[in-house]
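Let's take a quick tour of this protein, one topic at a time. Have the sequence and the 3D view handy, and click along as you read.

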Amino acid sequence: MLPETCSNDIRNGCPQASLGGFQIEDSAPTIKSSLAISHYDHVIRTTNITLAQLRSAARPNLSDIRQAEQLRADQACARNAFLPIYSLPDELLTTIWKYVTYDSYLRGIDGAWVLAQVSKAWANIILSSSEPWCDINSEFSQQRTQLALQKSTERPLNVSLGSGEDVAERFNLVLPHCHRWRELRLAVGLPEITITLRVISMPMLKHLELRARPDVEGTQAELPNMQASPMLRTLSLDRVSANWPSPSIPVGLRSLVIRNIRRAPTISQLLALLSSTPQLEDLQLERIDIRSTGGPPIGEQKPLNMPCLQRVRISHMARQVVTALLSLIRTNQCHHVFATPIELSTLPHHARRLTNLLSKISSSTRRIFVEIDNSSNALAVVSSIEAKERSSVLSATGGSGFVLEFRSSGNYQDIQNIVSFLAYTPIPISLSIRSREYWLDCAVAEMDWDQLPSLQQLEIQLSYPEGLSPILDNLSKPRGPRHYPRWPCPNLSVLKFPGVETVPDGFMRFLLGRWGPPAHDGLKIDSSRPVRLSLCHGPKGVLSKYPFCKFMGHFAEVWEDPRRTPPEDESTTDEGCDSTE
């Protein structure tokens, strides 16, 4: 029989931990001093010697084999004690775990229990601290909830109550601690809970989120006594209608989210609600069926001054309402604006220019991306964020920029209204046009390109390629005196025609009219003409047949075939057309 000194030393140095009645298996003790390090070194050396003796035994019995297995487990425990994670201070681990348990609690997962199962050392730290026990979800068992209320001492609590059958029981369990509630997420629908929230005081409440139970549609609930919650900073209502004439919102509210409301307020009630929150920084209004009856018409509403507002999201509502709210809000610190759908024809005259809108946005706008496409819900999208990055930037908390979506009923004048909205904006513009209908082809052909002097990139894809000819003709006709012509889009540097297999009619006439014939034999290039394109689309096989094939670099630095995506450095030289002069 081999000695049991090693196993006893480790087991005596690592007392068992218990979490809510469950025993925690030990995987690594915690190093606290140089004495402990010396002890574990001794354990590892001793177990190595003992295991070597066991392997040299001729016929080990069953007891020796079991003892060897235990020695290997104890040796692994001692080796794990030297891992860096077990040398971190308890305070640092507790701070990290606080965020882990909070994130898991939002998803209905018991993060404290998961962390405690890693090792007995971690379980001891969790059981001896109060920070990991401040998050309570109705998905947790009753025993786990009671343990959290006990371990959290007097710290603020984050409470989330879903729509399960035992929600009322969980609510009654945490109700005596309502003075400690910091966050409350509640599925509204049980009258006993709603009535109780009207009479209790929640002085530490900062975040309140009310949503309708899945089995209840269009719930109209009395909001809790929010006047007894002066520290409330965030309010979210999802399919829950409030008492809109007198909602009693604390003046210190910073974030307001209202979505999916059928029994919605009137526009006057909504504006009164917003005016009662002068410190509001984040406003999100989505899918609210604003009532048109009651109060003055939308066009007669007074402007709404919101000096602290930084983020605005208004979407999936009537076009007249979205347009009115966007024009009525007055702010100078906003760095995030998302509004859809907007109807330009109903905007006040002072708000029908993008420059007026940009005066409300504090963040700098380096480029404007415009997408005109009648195949989607929005006829036009005007944004400071590129399409491929739009979703990630909008979802980020600190994301800045604006996205405006305009609807159309197929009106020919809508395109010119969009051009007028962008007119003479000094910020560089990238314009992408994708037409699926003949009326849009005609509307684009009649665009006033002189109003877009900052246009730098133009991509056009029409339903009928013949519609490119009038566009090219308009871009090649200057205005003003002969010696000082004013060219349409003088800063245009990228011109693309995706999918075009042949040279559009009038393409060479456009090149010669805008840039003149290629300079050669020492002739001086006309300085009054626009600078040449940095990139242009054109089928190389067709371009090689033109007389000026070898001088195509006079018009554009790089030529790309619109039928495929070539490498960045590819030019027309491989097809017989030079890209340089």
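Thr-153 sits in the loop between H7 and strand E4 (157–161). Helices (H or I, at least four residues) and strands (E, at least two) are DSSP runs, numbered from the N terminus. Keep in mind that this is a predicted model, where local features need pLDDT of at least 70, side-chain atom pairs count only at pLDDT 80 or more, and totals for chains, interfaces and linings use all residues. Residues are numbered from 1 along each chain as its sequence is written, and side-chain values use heavy atoms, with hydrogens and water left out.

- Thr-153 is partly exposed, with a relative accessible area of 44%; buried means under 20%, exposed over 50%, and partly exposed in between (1.4 Å probe, protein chains only).
- Tyr-424 isn't a glycine either, yet it has a positive phi of about 55°; look for Tyr-424 in the loop between helix H14 (413–422) and E19.
- The peptide bond from Thr-340 to Pro-341 is cis, with omega near -5°, and Pro-341 is found in strand E15 (residues 336–342).

**Buried spots**

- Helix H7 (residues 142–151) has Arg-144, Thr-145, Leu-147, Ala-148 and Leu-149 buried.
- Ala-242 lies in the loop between strand E9 (240–241) and strand E10 (255–261), and it is buried, with a relative accessible area of 2%.
- The C-alpha atoms of Ala-242 and Leu-223 are separated by 6.3 Å, though these two residues are 19 apart along the chain.

- In H17, the buried residues are Phe-507, Met-508, Phe-510, Leu-511, Arg-514 and Trp-515.
- Looking down the axis of H17, those buried residues fall within an arc of 155°, so they line one face of the helix; the arc is that of the directions from the helix axis to the C-beta atoms.
- Just after H17, Gly-516 takes a positive phi of about 75°.
- The whole structure has ten aromatic pairs: rings of Phe, Tyr and Trp (its six-membered ring) pair if their centres lie within 6.5 Å, and planes under 30 degrees apart count as stacked, over 60 as edge-to-face and the rest as tilted.
- Phe-507 and Phe-510 make a tilted pair, 6.3 Å centre to centre with 40° between the planes.
- These two sit three residues apart in helix H17 (residues 507–515), so about one helical turn separates Phe-507 and Phe-510.
- An α-helix has 3.6 residues a turn, so residues three or four places apart point the same way.
- Phe-507 is buried at 2% relative accessibility, and Phe-510 is buried at 1%.
- Ring pairs link Phe-497, Phe-507, Phe-510, Trp-515, Phe-555 and Trp-559 into a cluster.

**A charge over a ring**

- The charged end of Arg-313 sits over the ring of Phe-338, 4.7 Å from its centre; this label needs NZ of Lys or CZ of Arg within 6 Å of the ring centre and within 35 degrees of the ring normal.
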